[in-house]
Amino acid sequence: SQNQLVEGHYLVVDETKVASITNVGKLSNEYLVKVLDEAGNDVTANYEIDYIYGELSVTPLDVYVNVLSDSVEYNGQGYQYQSGSTNFEFVDNNSLIDTDLAELTVSFKDKDGNEVASPKNVGTYEIYAKSWKMSSGLDSNYNLIIANGELEITPIAIQVDLLEFEDKYYDGEFYSYLNSYDNYNKIEGQKELVSGEKLTISTSIYELNEDGSYKLDEEGNKILVNKPVNAGYYLIEANNTWTISGSNNVAENYVISFAETKQFEIFKVEISITLNSWEYEYHNEFDPELNDYVVDETNYILDSETNIIDSEKLTITSVKYNDGVTPIDAGNYEVTAASMKITGGQENLDNYIINVTPGKLTINPREVVIAINTPANKQYDGEKVVYEQKAGNYTLVENTIATGEELTIITSMHQILDDGNESVDYALDFGSYYLTYEDFIINNGERPSDNYIITTSHVDNTVYFDIAK
């Protein structure tokens, strides 16, 4: 100041008149002073005192806090984060003054930034402070610098076992894995699904080779058979995908693993049959229409108790004889199956093991009855009577010679003498003669004679004639 106090006087602040501020804000720093003399007497009245006041200012206290993170396993319930003074922590021992405690009200955001009131499904959520307040109500005294927390909801891990298919014999019925919930077996000790939810697993069925390796198509890909029906070896394999139905249809809330794959076999049906046997008379050609062998499901006899399934039929579509010969000549021929097929149903012969007992084709010799053309009785005329050994030198009595063939009979001629019979080549002189059937040839001997049985209508195969004087 410009004027000084009288010597021996001094200033003292009146403690009862000093300004003070506690909470955040600004205040004029007003105060009063007194002048005292050397004896301590108040001599303020002797002075005129001018005041220039300053300013008192209180700024908010920076408090660093972390919202507490949490991790829980999916339980089908919405996550509840308890608001209050226990859902955060101070950083570096930075805490509130006196007894003022912060209370945070939090909310959640998903990975896309959408607010979620009560997270339920598996995922990571941001926990952020939606609002806060002090228990004293003096919120303005603090500046809370908040680091958001994180909520992680983890899936329930469950191991299950695939359903087993029983091995069976081929029956024409499809085997398909159940595409409905609970299509698995539970494993003891594993966790359970949340109440009200049901699991359906996705599977594939592959065809296997006999050694257990995958069957591959021409491009080297595994052969997928979702509904096996034919005989063979198969593998059920989990696709590592599943669906959840019921109260909450979110598959990601679970991690499903599988104990092992499952194999099963559809066995071939084994049957035994005997091919039909038949016979016919030799006719110089093989004519299937004449052999009584009908190409349909009736051309065999069933020997086994097992048979082709009801919806299918077995047909022997072609046969062979004596390993490939064409049966024409008389004789016995073994008949074996050259080809077979299954009609109806799966039309797959590989679903069966067919044991075939050969049949028999019998071509019987052609039985023909002939008559010798008997020379007429005559008077001696000097002309020879000769029985020519040529085709057609007979008369048919029963049956015929097969088409394309000619029969020649062989005869012998004899003259009847007083002292016995004499074989002659021809009859010329007066006397009695007879002709006897001896044998025959077919097509001048070029075709087998075993294809015929030739008999005559004559007693002892002999006819008689006379040359009179």
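Me: Which residues have the most contacts inside the largest nonpolar core?
Reply: In this predicted model, the largest nonpolar core comprises 88 residues. Those with the most contacts inside that core are Y254, L407 and Y452.

Me: With which residues is Y452 in contact, leaving aside its neighbours within four places in sequence?
Reply: Y452 is one of the residues with the most contacts inside the largest nonpolar core. Once its neighbours within four places in sequence are set aside, the contacts of Y452 are Y282, P365, R366, V368, I401, A402, E405, F440 and I442.

Me: Is T408 buried or exposed?
Reply: T408 lies in strand β30, which spans residues 407–417. Its relative accessibility is 2%, and the limit for a buried residue is under 20%. T408 therefore counts as buried.

Me: Which backbone nitrogen does the side chain of T408 reach?
Reply: Beyond four places in sequence, T408 is in contact with Q389, K390, A391, N393, D439, F440 and I441. At a distance of 3.1 Å, the side chain of T408 reaches the backbone nitrogen of A391.

Me: Is I223 buried, partly exposed or exposed?
Reply: I223 is found in the loop between β16 (197–208) and β17 (232–246). Buried requires under 20% relative accessible area and exposed requires over 50%. With a relative accessible area of 25%, I223 is therefore partly exposed.

Me: What separates the C-alpha atoms of I223 and E207?
Reply: Leaving aside neighbours within four places in sequence, I223 is in contact with I205, Y206, E207, K215, L216 and D217. I223 and E207 are 16 residues apart along the chain, and the separation of their C-alpha atoms is 5.8 Å.

Me: How many bridges join β13 to strand β18?
Reply: Strand β13 (residues 156–162) is mostly covered, with five of its seven residues buried. Its Q159 stands opposite S257 in β18. β13 and β18 (residues 254–258) run parallel, and the number of bridges joining them is five.

Me: Which residue in β15 stands opposite D161?
Reply: β13 also pairs with strand β15 (residues 184–186), in the antiparallel sense and over three bridges. Within this pairing, the residue opposite D161 is N185.

Me: Which residue in β7 stands opposite V67?
Reply: Strand β5 (residues 61–67) pairs with β7 in the antiparallel sense over three bridges. The residue of β7 that stands opposite V67 is F88.

Notes: Residues numbered from 1 in each chain as written. Predicted model: local features only at pLDDT ≥ 70, side-chain atom pairs only at ≥ 80, totals over all residues. Heavy atoms only, no water. Core = buried A, V, L, I, M, F, W, Y, C linked by side-chain atoms within 4.5 Å. Buried < 20%, exposed > 50% of the residue type's maximum accessible area, 1.4 Å probe, protein only. Contact = heavy atoms within 4.5 Å. Helix = DSSP H or I, 4+ residues; strand = E, 2+ residues; numbered from the N terminus. Pairing = 2+ DSSP bridges. Polar contact = N/O pair within 3.5 Å; in protein donor to acceptor, adjacent residues only side chain to side chain.
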